[in-house]
Amino acid sequence: MISPLEHLSRNGRLDKFFIDGQWVEPKGTAEGVVVNPATEEVVTRFPLGNSADVDAAVSAARRAFASWSRTRPEYRAGLLHRLQALLEARNELLARCLSLEMGAAIGYARTAQVPLAIAHVQVARDVLKTFPFVEQRGHTAVTHEPIGVCALITPWNWPLYQITAKVAPALAAGCAVVLKPSELSPLDALLFAEAIEEAGFPAGVFNLVNGDGPGVGMGLASHTDVDMISITGSTRAGIAVAQAAAPTVKRVGQELGGKSPNVILPDADLDRAVSLGVAAAFRNLGQSCSAPTRMIVPRDRLSEIEAIARRAAAQIIVGDPLSETTTHGAIANRSQFDRIQTMIGVGISEGARLLTGGPGRADDLSVGFYVKPTIFSDVRTGMRIAQEEVFGPVLCIIPYDTVEEAVTIANDTVYGLGAHVQGTDMGAVRDVASRIRAGQVHLNYPAWDPHAPFGGFKQSGNGREYGIEGMLEYLEVKSILGYF
């Protein structure tokens with residue numbers, strides 16, 4: 001199969017932005033680079049936008065919004081249906097793109113990164129079909145209307161997934177959008193823009209400008225013609241965007257950092273609870289804001305739990321992302337690789353007990369951002385590795401003596417994005433879940449639900465994505481008295 005780079009180069013997309021329905025030359029001259037995490041080689045260069053590119057994209061979106069916002073929901077649903085089909089047809093190309101630009105194991109890209117991203121398009125389409133845009137409340141009509149031009153900033157760790165989680169509901173709501181993907185993983189966004197173009201969305205409804213945070217992200221956040229900005233990224237980046245957006249009083253949606261707990265209750269099936277807990281913490285190499293990287297366990301079962309955790313970690317195969325036998329590929333970029341190495345060193349210096357993994361590249365690999373899946377035990381909740389987001393395959397096992405203490409440890413964080421609870425007594429499981437301050441809680445490793453709203457408490461952000469709540473983020477509420 002043709003590679004993503006060959007595909008984009010042949011079609012003249014690699015060095016262009018998608019603005020107002022056209023592939024256009026960037027206004028600036030700055031360049032970014034795509035580095036293959038498996039080889040550490042620069043595989044291509046691409047343009048970074050500037051303020052003139054931002055202005056062009058926002059102007060196109062503003063013009064398109066006037067008519068797009070008035071289209072019938074059935075029309076928008078039809079376009080989303082076509083977009084879904086086109087993304088499905090590009091599954092292998094997208095999977096190889098994600099493997100190339102952010103190191104995802106090809107099997108994981110095929111079975112998770114791409115299909116879960118496509119599910120967001122399907123959900124937005126299905127929500128749109130039944131959503132009540134006008135509701136009667138006595139003689140008053142309560143209407144939901146698109147908020148306007150939305151700037152969407154997406155991260156490098158789940159690139160396509162986060163694009164569809166924002167773009168699909170925004171378009172479903174009737175908004176026009178400007179997308180700024182991460183400058184560390186920009187290629188999948190170009191493939192997505194191709195699908196948007198082929199699906200037949202009107203010119204200006206979707207616009208893509210590649211760029212970095214200072215050059216494009218801040219320009220979008222502060223732009224007077226942008227009505228809403230939604231960012232998925234670090235808490236630091238979310239704060240900067242909110243500050244830039246404040247003078248124009250635009251709506252700000254933030255899905256930010258996390259340090260999610262996994263509370264294993266005393267009656268849990270330990271083999272299942274611990275082995276699946278290791279898998280969940282290390283999914284996508286731990287590069288997920290909701291990864292349950294704090295496993296909170298009964299102290300009197302600690303040795304048994306440690307043995308199960310070691311066995312689970314031993315099943316992980318770290319290596320070439322394009323190998324069919326690899327379960328976990330390379331960390332997405334040099335900066336994150338270095339951060340993980342630093343935090344592993346911090347854990348050792350803090351006195352946490354290293355069960356498996358540790359510093360250095362996995363399996364003595366000499367090239368590539370390959371990290372050893374690492375598990376620490378006897379971690380105290382005040383340690384840095386228990387408080388700071390590592391964003392890598394580093395799991396902390398924290399023992400507790402009482403369930404009350406377990407809940408206290410679970411909430412002992414500035415974050416509140418995700419959480420897990422494991423146990424046999426569902427009454428006790430539900431009770432613990434109700435006491436954890438997090439936006440989404442998983443009980444006994446349920447199947448993923450793309451309709452379940454996702455978002456954070458505390459410094460994990462505000463607003464919700466996915467399902468009905470995901471589309472509501474892009475709608476304003478208007479009351480019209482005397483309508484009925």
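These are my notebook entries on a predicted model of one chain.

**Ground rules**

I number residues from 1 along each chain as its sequence is written, and my side-chain values use heavy atoms, with hydrogens and water left out. Since the model is predicted, local features need pLDDT of at least 70 and side-chain atom pairs count only at pLDDT 80 or more, while totals for chains, interfaces and linings use all residues.

**Entry 1: the whole chain**

I started with the secondary structure and found 16 helices and 22 strands in the chain. These are DSSP runs numbered from the N terminus (helices: H or I, at least four residues; strands: E, at least two).

Next I checked the overall size. The radius of gyration is 23 Å, which agrees with the value near 23 Å for a compact globule of 484 residues. That radius is taken over C-alpha atoms, and the globule rule is 2.2 Å times the number of residues to the power 0.38. Along the principal axes, the C-alpha atoms fill a box of roughly 65 × 60 × 40 Å.

I also looked up burial: 58% of the 484 residues count as buried. Buried means under 20% relative accessible area, exposed over 50%, and partly exposed in between, with a 1.4 Å probe and protein chains only.

Then I looked at contacts (heavy atoms within 4.5 Å). Of the contacts with a separation of 6 or more, 73% are between residues 24 or more positions apart.

**Entry 2: the record**

UniProt, in an unreviewed entry, places "domain: Aldehyde dehydrogenase" at residues 23-480. Positions there are given in the numbering used here, feature names are shortened, and annotations may be inferred rather than shown by experiment. Over residues 23-480, I get 42% helix and 21% strand, with the end C-alpha atoms 41 Å apart.

**Entry 3: the seven-strand sheet**

In what order do the strands of the seven-strand open sheet run? I read β14-β15-β16-β13-β12-β18-β19, with mixed pairing. β14 (353-356) and β19 are the edge strands, each with a single partner, so one side of each has no neighbour in the sheet. The twist averages 25° from one strand to the next. Helix α14 (residues 403-410) packs on this sheet and touches β12, β13 (294-298) and β16 (394-400), its direction making about 145° with that of β16. My angles run from 0 to 180 degrees between N-to-C directions, with axes fitted to C-alpha atoms (for helices, over the stretch in contact). Another helix, α15 (residues 426-435), lies across β12, β18 and β19 and runs at about 165° to β19.

I then zoomed in on β18. Strand β18 (residues 418-422) has five of five residues buried, so it is largely enclosed by the rest of the structure. Gly418, His420 and Gln422 are buried on one side, and Ala419 and Val421 on the other. Two strands pair if DSSP finds at least two bridges between them. β12 (residues 261-264) runs parallel to β18 with three bridges, and β19 (residues 440-443) is parallel to β18 with four. His420 is the bridge partner of Asn262 and also stands opposite His442 in β19.

**Entry 4: the three-strand sheet**

I found an open antiparallel sheet in the order β5-β6-β22. Four bridges join β5 to β6 (residues 140-146), and Arg137 stands opposite Thr140 in β6.

Is Gln113 buried or exposed? At 0% relative accessibility, Gln113 counts as buried. Gln113 sits in helix α5 (residues 106-130). Its side chain makes a polar contact of 3.0 Å with that of Asn284. I count a polar contact as a pair of N or O atoms within 3.5 Å; within protein, one must be able to donate a hydrogen and the other to accept it, and residues adjacent in sequence count only if both atoms are side-chain atoms. Beyond its neighbours within four places in sequence, the contacts of Gln113 include Leu98, Met102, Tyr108, Trp158 and Tyr161.

Gly107 is also in α5, and at 30% relative accessibility Gly107 counts as partly exposed. I noted 9.9 Å between the C-alpha atoms of Gly107 and Gly329, 222 residues apart along the chain.

Last, I looked at α9 (residues 235-245), whose buried residues are Thr235, Ala237, Gly238, Val241, Ala244 and Ala245. These pack against β7 (149-153), α8 (213-222), β10 (228-232), β11 (251-255) and β17 (415-416).
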